[in-house]
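Here is a short briefing for a reader who is new to this structure. Please look over the sequence and the model before reading on.

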Amino acid sequence: MRKLFTISLIMVALVAFMAIGLMAQDSTKSEMKGDMKEMKGDMKKMAPAHEYVSAKKCKACHKDVYTSWETTPHAKAFEALSADEQKKPECVKCHMTGMLADGTAINNVECEACHGPGADYKKATIMSKKKWAADPKGQLAMAVEAGLVMPTEETCVRCHTKEGNPNYKEFDFEKMKAKVHAFPSMGE
Ligand code: HEC
Ligand code: HEC
Ligand code: HEC
Ligand code: HEC
């Protein structure tokens, strides 16, 4: 009788143990499903909703900004890499801007690395001198809606970070911001 009791106790314990194990597995499964969903969401966020056009397109209307940007290290960031390093994704990712719709790489840190891919916000209906003068806030809002980024510290620290950056230097946003190009609206 006692033996039977012990056996059934062991059985109960075993069943309970297995049940807990199954439950745990189940919750890892649903956690994994959640992670996968999140990853897919992140991938969507990472894929540009707007196309890149390259700095040449911005130059047409922002000549002062372009010619000053051209003299900065950003404009030569890709050339700073050796031929070998230019083939390494782990280096190139912070030394280039993105891809044109036809797959051509936009090397160096161009306008769109900071201001976002420009195909939609550069349109003359949005970046129009006349319309902008009449309603700067409204036009800026339209531009932002079309993908324009007015860069903040967050924009920079994507690249100005220690992680993966073998030449990391201390980054002070307020100081560094003034060096990216001329600011015509501030009389520069
Ligand atoms: C068709 C001409 C044109 C093109 C092309 C163009 N822009 Fe503009 N952009 C303007 C005008 C006009 C304004 C309004 C402010 C001004 O008069 O400078 C403006 C405003 C801006 C502003 C906001 C300035 C502010 O005062 O808030 C940014 C940033 C900007 N452009 C970046 C770019 C970038 C980056 C590109 C290339 C992807 C680009 N623009 C292409 C004409 C253009
Ligand atoms: C996370 C972004 C990032 C990655 C990845 C990265 N770099 Fe850089 N790299 C930078 C930044 C930003 C600078 C400018 C220094 C700074 O302010 O940190 C820089 C500067 C440089 C310079 C110029 C150094 C100087 O003093 O003028 C070279 C050369 C360079 N990186 C090579 C590489 C190589 C090689 C790799 C791949 C092994 C690499 N980088 C990966 C962001 C990155
Ligand atoms: C390294 C990042 C970076 C790059 C590259 C860059 N910009 Fe900017 N840009 C900024 C920052 C930061 C501001 C100031 C944002 C603010 O005031 O909120 C700015 C402001 C501007 C403004 C407003 C200027 C003013 O006088 O107020 C224009 C126009 C502009 N950028 C166009 C361009 C164009 C065109 C290029 C390429 C030739 C370019 N930017 C490249 C970071 C960048
Ligand atoms: C796509 C990556 C990327 C982004 C975004 C970026 N940078 Fe850079 N930055 C670099 C790289 C790479 C270098 C080094 C270029 C070289 O030395 O060849 C650099 C160099 C610089 C330099 C020159 C440093 C020196 O010692 O002369 C300044 C200033 C700078 N960045 C400011 C900024 C600011 C401000 C922002 C944000 C508004 C920004 N950067 C956004 C990649 C980036």
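The points below cover the chain, its nonpolar cores and the surroundings of its ligands.

This is a predicted model, in which local features need pLDDT of at least 70 and side-chain atom pairs count only at pLDDT 80 or more, while totals for chains, interfaces and linings use all residues. Residues are numbered from 1 along each chain as its sequence is written, and chains are lettered from A and ligands numbered from 1 in the order in which they are written.

**Chain**

- The chain has 9 helices and 2 strands, where helices (H or I, at least four residues) and strands (E, at least two) are DSSP runs numbered from the N terminus.
- Along the sequence these elements follow the pattern α-α-α-α-β-β-α-α-α-α-α.
- Of the 188 residues in the chain, 15% are buried; a residue is buried if 20 or more other C-beta atoms, placed from the backbone, lie within 10 Å of its own.
- Among contacts (C-beta atoms, placed from the backbone, within 7 Å) with a separation of 6 or more, 60% join residues 24 or more positions apart.

**Nonpolar cores**

- A nonpolar core is a set of buried Ala, Val, Leu, Ile, Met, Phe, Trp, Tyr and Cys residues joined through C-beta atoms within 7 Å.
- The largest such core has 8 residues: Ala55, Cys58, Ala77, Phe78, Val109, Cys111, Ala113 and Cys114.
- Both α2 (55-59) and α5 (111-115) supply at least two residues of this core, and α5 gives the most, with 3 residues.
- A second, separate core has 5 residues, including Tyr121, Met127, Ala143 and Ala146.

**Ligand surroundings**

- A residue counts as near a ligand if its C-beta atom, placed from the backbone, lies within 6 Å of it.
- In the shell counts, Ala, Val, Leu, Ile, Met, Phe, Trp, Tyr, Cys and Pro are nonpolar, Asp, Glu, Lys and Arg are charged, and the others, Gly among them, are polar.
- Ligand 1 is surrounded by 19 residues, the closest being Cys58, Cys61, Gly118, Met127 and Trp132.
- The shell around ligand 1 takes two or more residues from each of α2, α5 and α6 (129-134), and its largest share, 3 residues, comes from α5.
- This shell around ligand 1 holds 10 nonpolar, 5 polar and 4 charged residues.
- Around ligand 2 there are 20 residues, with Cys91, Cys94, Gly164, Asn165 and Asn167 closest; the shell divides into 8 nonpolar, 6 polar and 6 charged.
- Ligand 3 has 22 residues around it, and Cys58, His62, Cys111, Cys114 and Ser185 come nearest.
- For ligand 3, α2, α3 (63-69) and α5 each give two or more residues to the shell, and α5 gives the most, with 4 residues.
- The shell around ligand 3 has 15 nonpolar, 5 polar and 2 charged residues.

Definitions and conventions
Buried ≥ 20, exposed ≤ 12 C-beta atoms within 10 Å, placed from the backbone. Contact = placed C-beta atoms within 7 Å.
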